[in-house]
Amino acid sequence: MKTSNARRTVFACHECGNQSTKWLGRCPECGNWNSYLEEQTRSEPAGQAAAARRLNLKPAQALPLAQVRFAQTNRLRLAMRELNQVLGGGIVPGSLVLVGGDPGIGKSTLLLQLASEVAATFGQVLYVSGEESVQQLKLRAQRLGVEGDRLMVLAENDLDAIIEQLESSRPMLAVIDSIQTVFLGGVTSAPGSVSQVRECAGRLMVLAKSSHVPIFLVGHVNKEGAIAGPRVLEHVVDTVLYLEGERHQSFRILRSQKNRFGSTDEIGVFEMRDSGMHEVNDPSRAFLQDRSLSQVGNVVHVALEGSRPLLVELQSLTTPSRFGAPRRSVNGIDLNRLHMLVAVLERRAHLNLGEEDVFVNVAGGVRLTEPAADLAVALAMASSVADRALPKGTIAMGEVGLAGEIRPVTGVPRRLAEAARLGFGKAAGIQI
Ligand SMILES: Nc1ncnc2c1ncn2[C@@H]1O[C@H](COP(=O)(O)OP(=O)(O)OP(=O)(O)O)[C@@H](O)[C@H]1O
Ligand SMILES: [Mg+2]
Ligand SMILES: [Zn+2]
């Protein structure tokens, strides 16, 4: 390519990374509005092959599938069971893992704890911080009670320098906190822009694969769109984990969104305390801890997150609307799903919700994505409207159809066993 230093202006969608030569109001790829930002790039050959050429790697050789060695035992198994499970049984050498989440949710905390565990058990770990000084890292480490000679910290933003350090030290694990704060000198756009983030991640992917060093990247979620969202990276990396939770509540859920080395939809549950992230090994019990047994508007549901059944409490409050358009507000479930359930209750169960404000909340900051939660949501609203509590010890699970029918859900035996373990003896909506 002769044009390698020619500057050109492109517009890139900060949500999905789609590029265009002109500004677009709506991204044709992901459908987001106003997601296009202008970027200056040099038209260098992009992608992993080019990155590999820059790293002077030999091209890979084809070989018979039968000769490919795959050792499951190579995984770095962690004592942090929740994290281990979400990763599919430990850290895979050479994998590139993205950990995304809202600001302040605890990403750096979790990864510093992970780094310290790997350093203590397996060997040297390199923790690179692009946003905090080594003194700040030390302060956090002291607060978390983390130390160790094998945990190396580096405050650096220049990816070339980071890669140099990684290649010379070949640690057991590297953490880059965060991908939006590192940059490559060869790419002219600003750190955090789509081109930078994608190029940097591409380089790290090549490095991880060639050196077998597993690399964890922190990625900020930014709804305002000033920086490239982690969705730009989702295609590039092997595994995407999201740390979720309500900021004012202490539970944090680590969810695997994509995993080339394990099943997705696995979750890990943690509690955020001053001393760091603590595993919650019996989340059902923890989530129901402060439940107000059989109160009006409260229904216990058994969710199935990956292979794990989880008891959560749904709460609904309905109250006569003071303004023209009644409010529907949700926390932890999909708003469109609520609209559908309200319509079904109105038409099929003749509940009058048209002039009621409806609030639905999942206790503990859990987010439910399965339609299996429908019945619990509907019962919670019905309970609130009727001002009557459900019988004690009842759980609900079932998908609700538009005709008002209750459809079966998967994994009923596992869900029931978990409910029984916590003393729930009656189930609504079961069709086995
Ligand atoms: N003594 C403390 N000092 C600072 N933070 C504390 C303390 N105790 C608890 N925290 C919690 O740690 C959180 C910050 O966690 P952390 O830095 O790991 O988050 P993060 O996801 O990396 O954030 P960022 O997006 O800013 O990098 C704070 O929101 C706060 O709730
Ligand atoms: Mg951080
Ligand atoms: Zn897009």
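Q: At what angle do helix α3 and helix α4 pack, and how far apart are their axes?

A: Two packed helices are described by the angle between their axes and by the distance between those axes. In this predicted model, helix α3 covers residues 107-121 and helix α4 covers residues 134-144. They pack at an angle of about 70 degrees, and their axes are 11 Å apart. Angles from 65 to 115 degrees count as roughly perpendicular, so α3 and α4 are roughly perpendicular to each other.

Q: Which residues make the contact of α3 and α4?

A: From α3 come Ser108, Thr109, Leu112 and Gln113. From α4 come Leu137, Arg140, Ala141 and Leu144. Sorted by class, this contact has 4 nonpolar, 3 polar and 1 charged residues.

Q: Are α5 and α6 roughly parallel or roughly perpendicular?

A: Again, the general idea is to take the angle and the distance between the two axes. Helix α5 (residues 159-169) and helix α6 (residues 194-211) cross at roughly 10 degrees, and their axes come within 11 Å. Angles under 35 degrees count as roughly parallel, and α5 is therefore roughly parallel to α6.

Q: Which residues of α5 and α6 make their contact, and how do they divide by class?

A: On the α5 side they are Leu159, Asp160, Ile163, Leu166 and Glu167. On the α6 side they are Cys200, Arg203, Leu204 and Leu207. The contact of α5 with α6 has 6 nonpolar and 3 charged residues, with no polar ones.

Q: How many Å separate an oxygen atom of ligand 1 from polar side-chain atoms of Ser108, Thr109 and Arg140?

A: For Ser108, an N or O atom in the side chain is 2.7 Å from an oxygen atom of ligand 1. For Thr109, the distance from a polar side-chain atom to a ligand oxygen is 2.4 Å. For Arg140, an N or O atom of the side chain is 2.8 Å from an oxygen of ligand 1.

Q: What share of ligand 1 does the protein bury?

A: Taken alone, ligand 1 exposes 640 Å², and the protein buries 64% of that.

Notes. Residues are numbered from 1 along each chain as its sequence is written. Chains are lettered from A and ligands numbered from 1 in the order in which they are written. This is a predicted model: local features need pLDDT of at least 70, side-chain atom pairs count only at pLDDT 80 or more; totals for chains, interfaces and linings use all residues. Side-chain values use heavy atoms; hydrogens and water are left out. Axes are lines fitted to C-alpha atoms, for helices over the stretch in contact, and angles run from 0 to 180 degrees between N-to-C directions. Helices (H or I, at least four residues) and strands (E, at least two) are DSSP runs, numbered from the N terminus. Angles under 35 degrees count as roughly parallel, over 145 as roughly antiparallel, 65 to 115 as roughly perpendicular and the rest as oblique. Contact means heavy atoms within 4.5 Å. Ala, Val, Leu, Ile, Met, Phe, Trp, Tyr, Cys and Pro count as nonpolar, Asp, Glu, Lys and Arg as charged, and the others, Gly among them, as polar. A polar contact is a pair of N or O atoms within 3.5 Å; within protein, one must be able to donate a hydrogen and the other to accept it, and residues adjacent in sequence count only if both atoms are side-chain atoms. Accessible areas come from the Shrake-Rupley method with a 1.4 Å probe; for residues, only the protein chains shown count as cover.
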